[in-house]
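Work through these exercises with the structure open beside you. Try each task before reading its solution.

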Amino acid sequence: MRILSTPDVLARFGKALADPTRAAILLELKSGPACPSELADRIGVSRQILSNHLACLRDCGLVAGDPAGRRVQYRLSDPRLAHALDDLLGTILTVDPICSCAEPGCPQDKPSPLTGQERMTEVGP
């Protein structure tokens, strides 16, 4: 194992959060360990898609798997990640209500389909 620099750590965390499915996995694991089939059902993705995202999160060092019989239970690799996610979710972002790109039907103009919860809070007029 190697120790990463602070910018590298933030870059890995950013890569993980850049994808809505990976962000949803981290949010699910924030409440405790889970096996991949449970995570796939809760998030609403196939087990293959979930497996690919778990591999990315493992490579980023954010999740770890613990054998539990014939299954693997995934958890956040460090309990402090749950606190960091709570802090990020508590941050109020000022955003334009409509994406400024010229792409019709831009996915940023729609709420996340993963949980139905708002990920950002609009502030201002």
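Helices here are DSSP runs of H or I with at least four residues, numbered from the N terminus. By that count, Arg 22 belongs to helix α2. The model is predicted.

**Exercise 1.** Find which residues of helix α2 are buried, and what covers them.

*Solution.* Step one: go to residues 20-30, the span of α2. Step two: apply the cut-off, since buried means under 20% relative accessible area. Thr 21, Arg 22, Ala 23, Ala 24, Ile 25, Leu 26 and Leu 29 pass. Step three: look at the cover. It includes the helices α1 (6-17), α3 (36-43), α4 (47-59) and α5 (80-90), along with the strands β1 (63-68) and β2 (71-76).

**Exercise 2.** Describe what is found at the start of α2 and what follows the helix.

*Solution.* Begin at the start. A side-chain oxygen of Asp 19 comes to within 2.8 Å of the backbone nitrogen of Thr 21. Now go past the other end. Gly 32 follows α2, and its phi is positive, near 140 degrees.

**Exercise 3.** Arg 22 is buried: which side chain of opposite charge is nearest, and what does Arg 22 contact?

*Solution.* First, check the charge. The nearest side chain of opposite charge is Asp 19, 4.4 Å away. A salt bridge needs a nitrogen-to-oxygen distance within 4 Å. Arg 22 has no salt bridge. Next, list the contacts, leaving aside neighbours within four places in sequence. They are Lys 15, Ala 16, His 53, Cys 56 and Leu 57.

**Exercise 4.** How many salt bridges does the whole structure hold, and which residues form a network?

*Solution.* The search finds 5. One of them joins Asp 66 and Arg 75 (2.6 Å, N to O). Shared partners join Glu 28, Glu 38 and Arg 42 into one network.

Key:
Residues are numbered from 1 along each chain as its sequence is written. This is a predicted model: local features need pLDDT of at least 70, side-chain atom pairs count only at pLDDT 80 or more; totals for chains, interfaces and linings use all residues. Side-chain values use heavy atoms; hydrogens and water are left out. Buried means under 20% relative accessible area, exposed over 50%, partly exposed in between (1.4 Å probe, protein chains only). Helices (H or I, at least four residues) and strands (E, at least two) are DSSP runs, numbered from the N terminus. Contact means heavy atoms within 4.5 Å. A polar contact is a pair of N or O atoms within 3.5 Å; within protein, one must be able to donate a hydrogen and the other to accept it, and residues adjacent in sequence count only if both atoms are side-chain atoms. Lys and Arg count as positive and Asp and Glu as negative; His and the chain ends are not counted.
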